[in-house]
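User: Please take a close look at one part of this model, the charged side chains and their pairings. Keep it brisk.

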Amino acid sequence: MKATFPIRLTTRIAGGAAVLGLAATIPTLGSAQDLTGPIGPWACEQEPFASEPGPAFDPTAVRLIAGLLLSAQETALGIRTDQMDAWRGYTTALIALLPSGERLGRWTDEEKRAEAQAFDLAQDIANAAIERAEKARALQDAVSTLKAALTPEQMSMAKQMQERLVERIAHFLEWRRSEGPGMPL
């Protein structure tokens, strides 16, 4: 039982983490609330262009999924109380790096958009890139701190989880390119 439990748990965590990774990188067409009735020939078909502006993904849902998966990974790795500060630093930095959709507000609100000056969009893009780079640096530092705090056994388990995650993401991307039937995860 001891040998199969971590592998099964690792597989499930890796699968969930794949969903997290894909949710952050592959935009969806809207929320489930938009699927209350048939819109086109199929019940799940979305309108070609959404009538309301906003992000193509739900940033709150992405962050909640990330928190759920990181909590499961914490349990699977057996993070101890003396490792908790390093773990919390890592999870905080990772979640902070996920897109929040806040920067879109200025460009989706007609009034704010009308007040924009020349080259404001370019400035906002540059500011977003700088902010993201700072968050990425914080994540790098947090990962280094976490690696120093984990035991060799925990590092091995984390490596196995990462391998399964990468496998699932690669499989999903292959399936997505081929548009084959069925869900790969």
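Analyst: Glu-131 is partly exposed because its relative accessibility is 31%, where buried means under 20% relative accessible area, exposed over 50%, and partly exposed in between (1.4 Å probe, protein chains only). This is a predicted model: local features need pLDDT of at least 70, side-chain atom pairs count only at pLDDT 80 or more, and totals for chains, interfaces and linings use all residues. Residues are numbered from 1 along each chain as its sequence is written, and side-chain values use heavy atoms, with hydrogens and water left out.

Glu-131 pairs with Lys-135 in a salt bridge, with the closest N and O atoms 3.2 Å apart. The term stands for a side-chain nitrogen of Lys or Arg within 4 Å of a carboxyl oxygen of Asp or Glu. Both residues sit in helix H6 (residues 120-149), four residues apart, about one turn of the helix. Helices here are DSSP runs (H or I, at least four residues), numbered from the N terminus. Lys-135 is partly exposed, at 28% relative accessibility.

The structure holds five salt bridges. Two others lie in helix H7. Glu-163 bridges to Lys-159, the closest N and O atoms being 3.3 Å apart. These two are four residues apart in helix H7 (residues 152-178), so about one helical turn separates them. Lys-159 counts as exposed at 51%, whereas Glu-163 is partly exposed at 41%.

Arg-164 forms a salt bridge with Glu-167, with the closest N and O atoms 2.8 Å apart. They are three residues apart in helix H7, so about one helical turn lies between them. Arg-164 is partly exposed at 26% relative accessibility. Glu-167 is partly exposed at 45%.
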